[in-house]
Amino acid sequence: MSDHAGFFTSRLDEALGWARKFSIFQYPFVTACCGMEYMATACSHYDVDRFGAGLPRFSPRQADVLFVVGTISHKMAPVLVRIYEQMAEPKWVVSFGVCTCTGGFYDNYATVMGIDTIIPVDVYIPGCPPRPEYVLDGLLKLQAKIQAQHSSGQRPAAEIRPELERPVFD
Amino acid sequence: MNAASLIQAVKDRFPDGVKASHSYRGDATVIVGREFLLEVARTLKEDPAFQMSFLMDLTAVDFSTFGAKRSPAFFSNSGVAVSPSPEFPDEDPWPGPPVSHPSAGAALGAPASHPSAGAALGAPGPAHFVVVYHFYSLPLKHRLRLEVPVEEDDAEVDSLSSLWAGADWLEREVWDMFGIRFRGHQNLKRILMYEGFAGHPLRKDYPVNKRQPLIGPVN
Amino acid sequence: MLLNVGPAHPAMHGIIRIVTKLDGELVKDIDVEIGYLHRGFEKMAETVDYNGVIPYTDRLNYVSPLINNMGYCMAVEKLLGISVPERCHYIRVIVSEISRITDHLTCVGAGAMELGAFSVFLYMIKAREYLWELVEMVTGARLTVSYCRVGGVKGDLPEGFDERCGKALQETRKVLVESDALLTRNRIFVDRMSGTGKISSEDAISYGITGPFLRSTGVAYDVRKDCPYAVYDRLQFDVPVGTRGDNYDRFLVRMEEMEQSIRIIEQALRDIPPGPFLAHAETGRPIPAAEMVDEGKIGNIAAIVDRRVVTDPTLEGAAKSQHPNIEAGEKRVFLPAKEDTFGNIEGLMQQFKLVMYGHGIRPPKGEVYFPVEGANGELGFYIVSDGTSSAYRVRVRPPCFAIMSALPKLLIGDMMADVTPTFGSVNMIGGELDR
């Protein structure tokens, strides 16, 4: 009996995963240069619509994937967290570009060194800016993650990085 | 007008306002005292000899560590001389950072141990900040750079927002990045950093990677 | 009613915040808040050496990175007092104009998309892809190129560039013709764009606005014509000037500027002085590196002093000598060709002295201001040097800063729905506005 229940729930998870991964409504939180490559990926040459992710929803309430595209400064960080909190579950976050992954080469007073210090991130796409092929690769990884996810949706916790001894430049 | 005649014309108009001038690499530069700024700017804008229609840029430079930084020399004792002196010949060398000439009543209350105490007592020394203005004239096609030396404890100059509307935001940015106030500016608040930010980032004593995050956990 | 068109908004090209005070649909007052993309360019430029600032300049106006690179490099060259060879000037002009076309394509395309003309956006991005492939062929990267160096450019134009460029420009022209047919006399487009976002030329000058924005109000100020630099004084091109200063004029000015940029590129490709010349003067065959070293050892310097050398073809690409005629002769500034770096000790020493931390280009103490015509207006670099290997102060005069400060003037009195096309025609690039 438990086998039957297990079989059906696992089939259900697979079906839900399949449906979710091919109907991604992304919220492109575009700030900087990576936005140009995001536009290039979304347009006809490197069409992202083939993967089911072609309809951006410009409201966080209607989106399920938050593409954080471009550098996040400390002034922008509260806005990003608010947008993330406004999204409904299940939701995923893609960190697009090295500025969002780790801060890039803007190691200064104004930049958040990696958005995973403030919101949980599912897929990191490094590059400055990443070529559209990298973006599509990241999208496929996200789709694999969505497929493999349990239907209740396990959220990774926000990463707490230890205080690093950073050299201060003068 | 070319650089030399432009400088001469400004000097003729304001003989005691213009403290120094040069035209390094062909850029006409005039250093004026703080009290004369508004007058000079108004003349530059309205006088038919100058007709400076554009205030192209308004910025500041913090000269407090000028010349103090020694290039790191890894091999200073291996025979490869790493001399910090410039290696390119200069026909008309730059005279150096502008020198401040404080007026008699300025900088009251500066303690004697303060680095600008020398300047406060009336002796000229290199200024801490210099506010730099770039002008361009559309009909006459000439450019002029105006520099106003300012000391740290009395970092205030007149605002040019009554003459050029673009000076509004440019002055807000100088206030944000350097902490130099502008008298007569309607709305002097931060423009690039968030309101609660403490300090002025482009000053030389602000370390480049000192962070003041608005939200955590660790940033 | 107070409406916050917040930092994260679909119709906003970058991240800014516009707090509008509305009376029904009429905009009564607005307050613009910027700074959401401040990345500390000016502070970072003080921590790295002169060539290290170039990647930071790419990311200023990230839709036309080559213009920023060129502006910065020319400012440092002015400070140093050196000049680059003619071929290098032509190369810089060609890539700058390609960048200008991509900027205008992005601006007009995104502006059209916001008014509902989604196909125009797709067509323009298609044209932009052709141009980016061209840029990738020359520089190695699509967007953040870091192509110019102080004293020259990174590498010469590759073989076959002329044909590829011709094809890309042909495709761009086709796209421009199509977009023109779709938009210029389109009733909806014309109604939404004309009469909105008007500014008079006196106001524009007072705010310090330059570039296509100023030209649409009737003032023909273009840095390439009025204060020419590089080889712009030898090239024939027109500067389109509008009359009314509204959004429609700006659209027309940008479309025409793209056509003029194509014209400049074609002329430059025709007039460019020839590139590398590989053969040995006496034998007529390329001189291999070992032979050059031998000649040097026996003291026969005169025979080799201006010969180009061919290294072992296992160093991929090094068989083609990439560097003559594109770098300033000044050895204290420009990196040597890789054949010299790996081939002889002088080249290695020159590379070391320019690249290692603590060494590097040492301009004389001084300050310069150099303006170039960016896609949005006058892009000026003000550099103060204290004689050490990193700049003391690098200031960018951002063209769209002035335009954004005039936004209240542009929007007050218009309807809420006019905010979108006006803001689209401002072409605000966050990297340049906030640096």
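**View 1. Chain C and its make-up.** Chain C holds 19 helices and ten strands, where helices (H or I, at least four residues) and strands (E, at least two) are DSSP runs numbered from the N terminus. This is a predicted model, in which local features need pLDDT of at least 70 and side-chain atom pairs count only at pLDDT 80 or more, while totals for chains, interfaces and linings use all residues. Residues are numbered from 1 along each chain as its sequence is written, and chains are lettered from A and ligands numbered from 1 in the order in which they are written. Of the 435 residues in chain C, 57% are buried; a residue is buried if 20 or more other C-beta atoms lie within 10 Å of its own, exposed if 12 or fewer, and partly exposed in between, with C-beta atoms placed from the backbone. Among contacts in chain C with a separation of 6 or more, 69% join residues 24 or more positions apart. Two residues are in contact if their C-beta atoms, placed from the backbone, lie within 7 Å.

**View 2. A three-stranded sheet in chain C.** Here is an open sheet with the order E1-E2-E3 (chain C) and antiparallel pairing; two strands pair if DSSP finds at least two bridges between them. Strand E1 (2-5) and strand E3 (26-33) of chain C are the edge strands, each pairing on one side only. E1(C) and strand E2 (residues 17-23) of chain C run antiparallel and are joined by four bridges. To find one of these pairings, look for C:Leu2, whose bridge partner in E2(C) is C:Lys21.

**View 3. Where chain C meets chain B.** In this view, 46 residues of chain C are in contact with 41 residues of chain B. Several elements of chain C each supply at least two residues of the side that touches chain B, including helix H3 (65-80), strand E8 (366-373) and helix H16 (399-405). By class, that side of chain C has 17 nonpolar, 15 polar and 14 charged residues. Here Ala, Val, Leu, Ile, Met, Phe, Trp, Tyr, Cys and Pro count as nonpolar, Asp, Glu, Lys and Arg as charged, and the others, Gly among them, as polar.

**View 4. The elements of chain B.** Chain B has four helices and nine strands, and from the N terminus on its elements run α-β-β-α-β-β-α-β-β-β-β-α-β. Of its 219 residues, 39% count as buried.

**View 5. Helix H2 of chain A and its surroundings.** Helix H2 (residues 34-42) of chain A is mostly covered, with nine of its nine residues buried. Among them are A:Cys34, A:Met36 and A:Tyr38. The buried residues of H2(A) pack against strand E1 (26-30), strand E2 (65-69), strand E3 (92-96) and H5 of chain A, together with helix H5 (118-139) of chain C.

**View 6. A:Leu136 on helix H5 of chain A.** A:Leu136 sits in helix H5 (residues 132-148) of chain A. This residue is partly exposed because 19 other C-beta atoms lie within 10 Å. Leaving aside neighbours within four places in sequence, A:Leu136 is in contact with A:Thr41, A:Tyr46 and A:Val48. The C-alpha atoms of A:Leu136 and A:His45 are separated by 12 Å, with the two residues 91 apart along the chain.

**View 7. A:Phe67 and its contacts.** Not counting residues up to four places away in sequence, A:Phe67 touches A:Gln26, A:Tyr27, A:Pro28, A:Phe29, A:Tyr38, A:Val94 and A:Phe96.
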